[in-house]
Amino acid sequence: MKKVFAGIFAFLLCLFCVSCGSMPDMRELLRYQQDGTEFHVSISDGELRFSAVITLGETDTVELLDEGTKGVRFRFGEDKTEIEYDGTAMELSSANQLKVLDWLSLFSLPTDTVWKIRKDSAGSTNVYVCTCGSIVLYIDAATHLPLKITDGDIEIDILSSQSSSAKDTQ
């Protein structure tokens, strides 16, 4: 009788271990934050609403796409920040006050801070909901591409993304 219970227990333990998938860590989930990745986004920041293209690289860029701001591009390099429009660029001396920096910072999230990760579903899509302080990041569980990022009043919906190295699209 003991052997039967031990056998059933061992079988259930193996079944439990096999059925439980491990949760990915943030280093894996934030792999999309690499140079050459381009994101088409819709940004809501309080009462402001913008469509933009955010490109990560040696020089990060944010290009606005809406009527009235179309063609305005912000470039953030290591040693200078520029605003460009219609082929004319102007260096900005006090770029730390730009709201666009808050948006861009959500595309360079740290992997070494404490993140809470849980698996959830948004409609028919399985997602990882990653939380660190006020930042909430929704990542597609199948592709590990971001779907949405929120931080306080800032809400960024990622409409599509493309990596120059892998040509991943969402």
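Biologist: Hi! Is Glu91 buried or exposed?

Modeller: Glu91 counts as exposed, because its relative accessibility is 52% and the cut-off for exposed is over 50%. Keep in mind that this is a predicted model.

Biologist: Got it. Where is Glu91 found?

Modeller: Glu91 sits in strand β6, which covers residues 88–92.

Biologist: And which residues form the negative surface patch?

Modeller: The patch is made up of Asp35, Glu58, Glu78, Asp79 and Glu91.

Biologist: Nice. Let's switch to salt bridges. How many are there?

Modeller: The count comes to 8 salt bridges. One of them joins the side chains of Arg73 and Glu84, at 3.1 Å from N to O. That pair links distant parts of the chain: Arg73 belongs to strand β4 (residues 73–76) and Glu84 to strand β5 (residues 81–85), 11 residues apart.

Biologist: Why does Glu84 count as buried?

Modeller: Glu84 counts as buried because its relative accessibility is 17%, and buried means under 20%.

Biologist: Which residues are linked with Arg73 and Glu84 in a network?

Modeller: Glu63 and Arg75 are linked with Arg73 and Glu84 in a network of salt bridges.

Biologist: What about Lys80, which residue does its side chain meet in a salt bridge?

Modeller: The side chain of Lys80 meets that of Glu82, at 3.2 Å from N to O. Lys80 is partly exposed, with 39% relative accessibility, whereas Glu82 is buried, with a relative accessible area of 17%.

Biologist: Okay, now a helix. What does Lys99 form with Asp102?

Modeller: Lys99 and Asp102 form a salt bridge, and their closest N and O atoms are 3.6 Å apart. Both residues lie in helix α3 (residues 99–105); they are 3 residues apart, so about one helical turn separates them.

Biologist: And how accessible are Lys99 and Asp102?

Modeller: Lys99 is partly exposed at 39% relative accessible area, and Asp102 is partly exposed at 33%.

Biologist: Let's zoom out. How many helices and strands does the chain have?

Modeller: The chain has 3 helices and 11 strands. From the N terminus on, the elements run α-α-β-β-β-β-β-β-α-β-β-β-β-β.

Biologist: How much of the chain counts as buried?

Modeller: Of its 170 residues, 33% count as buried. The chain exposes about 10,700 Å², and carbon and sulfur atoms supply 52% of that area.

Biologist: Last one: what share of the contacts with a separation of 6 or more comes from residues 24 or more positions apart?

Modeller: Those residues account for 36% of such contacts in the chain.

Key. Residues are numbered from 1 along each chain as its sequence is written. This is a predicted model: local features need pLDDT of at least 70, side-chain atom pairs count only at pLDDT 80 or more; totals for chains, interfaces and linings use all residues. Side-chain values use heavy atoms; hydrogens and water are left out. Patches are made of residues with over 30% relative accessible area and no salt bridge: like charges are joined within 9 Å, nonpolar side chains (Val, Leu, Ile, Met, Phe, Trp, Tyr) within 5 Å. Accessible areas come from the Shrake-Rupley method with a 1.4 Å probe; for residues, only the protein chains shown count as cover. A salt bridge is a side-chain nitrogen of Lys or Arg within 4 Å of a carboxyl oxygen of Asp or Glu. Lys and Arg count as positive and Asp and Glu as negative; His and the chain ends are not counted. The place of a charge is taken as NZ of Lys, CZ of Arg, CG of Asp or CD of Glu. Helices (H or I, at least four residues) and strands (E, at least two) are DSSP runs, numbered from the N terminus. Buried means under 20% relative accessible area, exposed over 50%, partly exposed in between (1.4 Å probe, protein chains only). Contact means heavy atoms within 4.5 Å.
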